[in-house]
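Okay, thanks everyone. I've got one structure for today, so let me put it up.

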Amino acid sequence: SAEAPTEFAVTEFQNIDQVGLVVTGTVMQGVVRTGQYLMVGPLLNHDYKKVRVRSIHTNRTPTKSCTAGIMASLAIPNIPHNQMRPGVMLLAPCVKRVAVVVFDAEIWPIAGSMINPNCEVVVHMGPIRQAARILSFESDQLTNSDQLTNNT
């Protein structure tokens with residue numbers, strides 16, 4: 001809804017000459033507006049930094065705002081390109097910000113695959129994809145017929 005605090009999930013980013021950092025992603029909730037201040041992170045140092053949205057493009061067309069469900073590109077100055085990574089969020093300052101390193105997940109292996117402890121997997125959370133390592137689960141291995149809640 002438009003009244004919800006802004007949450008924007010970044011899927012790609014690039015440095016554009018004479019513009020600076022441009023992030024592409026999806027408005028998950030709320031509204032993103034030109035000139036709005038948001039918190040970007042977690043950056044590589046697990047911190048969040050305040051940024052101002054300089055401009056917004058949807059479908060290669062400049063716009064003043066975009067709402068939940070819309071994919072957009074946002075120009076956000078003053079963030080070093082080497083601090084960014086896919087999966088960061090742009091959040092309204094009032095949204096609780098937490099950088100997560102260890103979490104529990106339900107895992108459904110792809111048909112024909114087998115997962116063992118210490119295996120690397122890709123976790124999908126909405127438009128965000130993140131590599132993760134399986135630390136442990138209750139049995140020695142997991143096949144596509146199993147479904148467990150695991151510590152990832």
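This is a predicted model: local features need pLDDT of at least 70, side-chain atom pairs count only at pLDDT 80 or more; totals for chains, interfaces and linings use all residues.

Residues are numbered from 1 along each chain as its sequence is written, and side-chain values use heavy atoms, with hydrogens and water left out.

So, the sheet. We have an open sheet of eight strands, ordered β5-β4-β10-β1-β2-β9-β6-β7, with antiparallel pairing. Strands here are DSSP runs of E, at least two residues, numbered from the N terminus, and two of them pair if DSSP finds at least two bridges between them. At the edges sit β5 and β7 (61–63), each pairing on one side only. Look at β1 (residues 7–16) and β2 (residues 20–29): nine bridges join these antiparallel strands. F13, for one, has V23 in β2 as its bridge partner.

Now the backbone. Most residues other than glycine have a negative phi, and most peptide bonds are trans. Which bond is cis, with omega near 0°? That's the one from G41 to P42, and P42 is in the loop between β4 (37–41) and β5 (49–52). That loop between β4 and β5 also holds H46, whose phi is positive, near 70°. N78 has a positive phi too, about 70°, and lies in the loop between β9 (71–75) and β10 (89–91).

Last stop: L135, in the loop between β14 (128–133) and β15 (142–143).

Terms used
Helices (H or I, at least four residues) and strands (E, at least two) are DSSP runs, numbered from the N terminus.
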